[in-house]
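Hello,

I am passing this structure on to you, and my notes on it follow below. Have a look at it first, then read on.

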Amino acid sequence: MLSIATVNVNGIRAAFRKGMGEWLAERAPDVVLMQETRAPEDIVASFFPEEAGWHLAVHPCEIKGRAGVAIASRLPVMASRVGLIQGDGSDEPPVDTGRWIEADLALGGGQAVTVVSTYFHSGTNTPEMQHTMDAKYAHLAKADARLVELVGRDHPVIV
């Protein structure tokens, strides 16, 4: 049986100060999907060291102190992909970085599972902040398109 936990850590450093390490030790999930890590890859890796058996995929936000998603796995990560491309094929705008990461994990016996950790930002629906809602809806459209692609995989996908 595969055990997966997903958690909005609201800052990984704060989460570990508040007991996330103890919670992980008690629950012992095989995979941890994290949102709002708000830290660069080296900081996230310090909480999930390779020598302790963790495999890590991290996508920090380009804007310091915002968003950030990560996958920590006891199973080997065969491949990982970060971000969602624009409809025109261009890179994500900085505000959308650190909001989508997927990893193909090896289950053994040639089997695999793809897991996705994603964070959808809130938008403010007021006239002066309409641009935040427009950005949110644009990101959701890209996520919808990617989910359609993932449905066609030849192995399970967990979002």
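In what order do the four strands of the open sheet lie? The order is E5-E6-E7-E8, with mixed pairing; strands pair here if DSSP finds at least two bridges between them. Helices (H or I, at least four residues) and strands (E, at least two) are DSSP runs, numbered from the N terminus.

Before going further: this is a predicted model, in which local features need pLDDT of at least 70 and side-chain atom pairs count only at pLDDT 80 or more, while totals for chains, interfaces and linings use all residues. Residues are numbered from 1 along each chain as its sequence is written, and side-chain values use heavy atoms, with hydrogens and water left out.

Strand E5 (77-82) and strand E8 (157-158) are the edge strands, each pairing on one side only. E8 runs parallel to strand E7 (residues 111-118), and two bridges join them. Val115 stands opposite Ile158 in E8.

**The cores**

A nonpolar core is a set of buried Ala, Val, Leu, Ile, Met, Phe, Trp, Tyr and Cys residues joined through side-chain atoms within 4.5 Å. Buried means under 20% relative accessible area, exposed over 50%, and partly exposed in between (1.4 Å probe, protein chains only). The largest core has 15 residues, and Ile12, Met20, Val32, Met34 and Phe48 have the most contacts inside it. Helix H1 (12-17), helix H2 (20-27), strand E2 (31-35) and strand E4 (69-73) each supply at least two of its residues, with H1 giving the most, three. Apart from it lies another core, of 14 residues, including Leu105 and Val113.

**The aromatic rings**

Rings of Phe, Tyr and Trp (its six-membered ring) pair if their centres lie within 6.5 Å; planes under 30 degrees apart count as stacked, over 60 as edge-to-face and the rest as tilted. By this rule there are three aromatic pairs. Why is the pair of Phe16 and Phe47 stacked? Their ring centres are 4.3 Å apart and their planes are at 20 degrees, so the pair is stacked. This pair links distant parts of the chain, as Phe16 is in H1 and Phe47 in helix H3 (residues 41-47), 31 residues apart. Phe16 also pairs with Phe48: the centres are 5.8 Å apart and the planes at 85 degrees, so this pair is edge-to-face. Both Phe16 and Phe48 are buried, whereas Phe47 is partly exposed, at 24%. Ring pairs link Phe16, Phe47, Phe48 and Trp54 into a cluster.

Best wishes
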